[in-house]
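Subject: Handover of a structure, with notes

Dear colleague,

I am passing on to you the structure shown below, together with notes on what was found in it. Please read the notes with the structure open beside them.

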Amino acid sequence: MSPETVSSGLAGVIAGRTAISTVGKEAKRLTYRGYSIEMLAEQASFEEVAYLLIYGQLPSSAQLREYREQLQSLRRLPEELKPVLEALPGNSHPMDVMRTGCSALGCLEPEIDLEQQGDIANRLLALLPSLLLYWYHFHHQGTRIGTPTEEESLAGHFLKLLHGETPEAIPRRVLDVSLILYAEHEFAASTFAARVTASTLSDFYSAVTAAIGTLRGSLHGGANEAAMALIDRFQTPDEAEREILAALARKEKIMGFGHRVYKEADPRNAIIKDWCRQLAERVGDSCLFPIAERIEAVMKQEKGLFPNLDFYVAPAYRFLGIPIDLYTPLFVCSRVAGWAAHIMEQRADNRLIRPTAEYIGPEPRDFVPIGQRG
Ligand SMILES: CC(=O)SCCNC(=O)CCNC(=O)[C@H](O)C(C)(C)COP(=O)(O)OP(=O)(O)OC[C@H]1O[C@@H](n2cnc3c(N)ncnc32)[C@H](O)[C@@H]1OP(=O)(O)O
Ligand SMILES: O=C([O-])CC(=O)C(=O)O
């Protein structure tokens, strides 16, 4: 095949096949292995969804119980990882800690055999929150926390480790839902990076490390932190409206809006926005949520753009008391399930991913020896 046109950013290019999810069918639908995101967010737990993504089927009650126990048993950090996390600067971005932590785990518990891939996926799911919060508490509170907890869900475990107390049911459920929404998204940039890495027959940790680095940017997962920083700039909805109009006039991008694939709406937004509204009422917020809604209205009116998942996740996480720079790492803690499914799928029917480029450089020219250059 000889491609004749370049698609900027590979927009619209079908770059492979997947049985894991569909994004943007009928302009705004999302399914994981055939189940709609609305049904999963209403009725499933994150662990059920992770199981579905990794093993291809929803678990039975017994399988789910066993899976939760397995993940719980994998939360303890290897002793050798602790000094690595302690040696990283306290002012590192937590996404850099996630990337380095994942890579370091690949040295401590390397993938020797392909048969280990499911176990590595589960180890990362269980360990990434522990790794992040061990580093966080060591550098911010000067404490070396123990990372196993009694909490059976990742959401409960994360909140327990972060705040040091057993979370209430609603915060635990809202975080759980956000993790379901974040778990998988077809050939998003980070997933594609993981698949490219896997396609060279590299190891599982390298593929996940590449994905973490790719998720970090503000055009992708980093948008949840950027959206919070944006909302925080304003005291009132009127101020937000004025400033957003001015930013649009300067042709600036407003983080948390727009999407490469969805054309009408991001179906995850309605779900997280609803939970965000409930949290706002619960904490008595009369500031953040109205500001976010005004930004949404201005973006619709001025650009016809809708919020993506990252926009209302930001105030929802604020209401849960989560520090801003842990927002994108939380995205990692969830998306590792989707990345794992894609790495396995790529490996099961692999061909090196290596596209071609249209050359736009100089015509062939004679080499000038260094002594003769001006
Ligand atoms: C979970 C996720 O990763 S979801 C994505 C998170 N990322 C963001 O929220 C970052 C902000 N959004 C964006 O930058 C884009 O909408 C992307 C990166 C998500 C999609 O990008 P693309 O498909 O390449 O669209 P592109 O950036 O070319 O935008 C198309 C047009 O819409 C405008 N546009 C798109 N998004 C925005 C935005 N958030 N704010 C202002 N204008 C926007 C562009 O300026 C461009 O306008 P133009 O045609 O007049 O130049
Ligand atoms: O699909 C994308 O490009 C980005 C996205 O929404 C995600 O990864 O969840």
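The chain is divided into domain 1 (19–169 + 184–216 + 329–348) and domain 2 (223–319), with bounds that come from an automatic or database domain assignment. This is a predicted model, in which local features need pLDDT of at least 70 and side-chain atom pairs count only at pLDDT 80 or more, while totals for chains, interfaces and linings use all residues. Residues are numbered from 1 along each chain as its sequence is written, and chains are lettered from A and ligands numbered from 1 in the order in which they are written.

The centres of domain 1 and domain 2, taken over C-alpha atoms, are separated by 26 Å. Where the domains touch, 10 residues of domain 1 are in contact with 9 residues of domain 2, contact meaning that the C-beta atoms of two residues, placed from the backbone, lie within 7 Å. On the side of domain 1 that touches domain 2, the elements giving two or more residues are strand S1 (21–25), strand S2 (29–32) and helix H1 (37–43), and H1 supplies the largest share, 3 residues. Helices (H or I, at least four residues) and strands (E, at least two) are DSSP runs, numbered from the N terminus. The residues of this side of domain 1 divide into 6 nonpolar, 1 polar and 3 charged, where Ala, Val, Leu, Ile, Met, Phe, Trp, Tyr, Cys and Pro count as nonpolar, Asp, Glu, Lys and Arg as charged, and the others, Gly among them, as polar.

Turning to the ligands, 18 residues surround ligand 1, and the closest are Ala223, Phe257, Gly258, Arg260 and Asn308; a residue belongs to such a shell if its C-beta atom, placed from the backbone, lies within 6 Å of the molecule. The shell around ligand 1 has 7 nonpolar, 7 polar and 4 charged residues. Around ligand 2 are Val23, His185, Ala188, His220, Arg260, Val261 and Asn308, and this shell draws at least three residues from each of domain 1 and domain 2.

Helix H10 (residues 204–215) and helix H16 (residues 327–348) pack at an angle of about 135 degrees, with their axes 10 Å apart; axes are lines fitted to C-alpha atoms, for helices over the stretch in contact, and angles run from 0 to 180 degrees between N-to-C directions. H10 and H16 are therefore oblique to each other, given that angles under 35 degrees count as roughly parallel, over 145 as roughly antiparallel, 65 to 115 as roughly perpendicular and the rest as oblique. The residues of the contact of H10 with H16 divide into 11 nonpolar, 1 polar and 1 charged.

Helix H5 (residues 94–108) and helix H6 (residues 117–140) pack at about 125 degrees, with their axes 10 Å apart, which makes H5 oblique to H6. Their contact has 12 nonpolar residues, 1 polar and no charged.

The axes of helix H8 (residues 169–182) and helix H13 (residues 267–283) come within 10 Å and cross at roughly 160 degrees, which makes H8 roughly antiparallel to H13. Here Ile170, Val174, Val177, Ser178 and Leu181 in H8 meet Arg268, Ile271, Ile272, Trp275, Leu279 and Arg282 in H13.

With best regards
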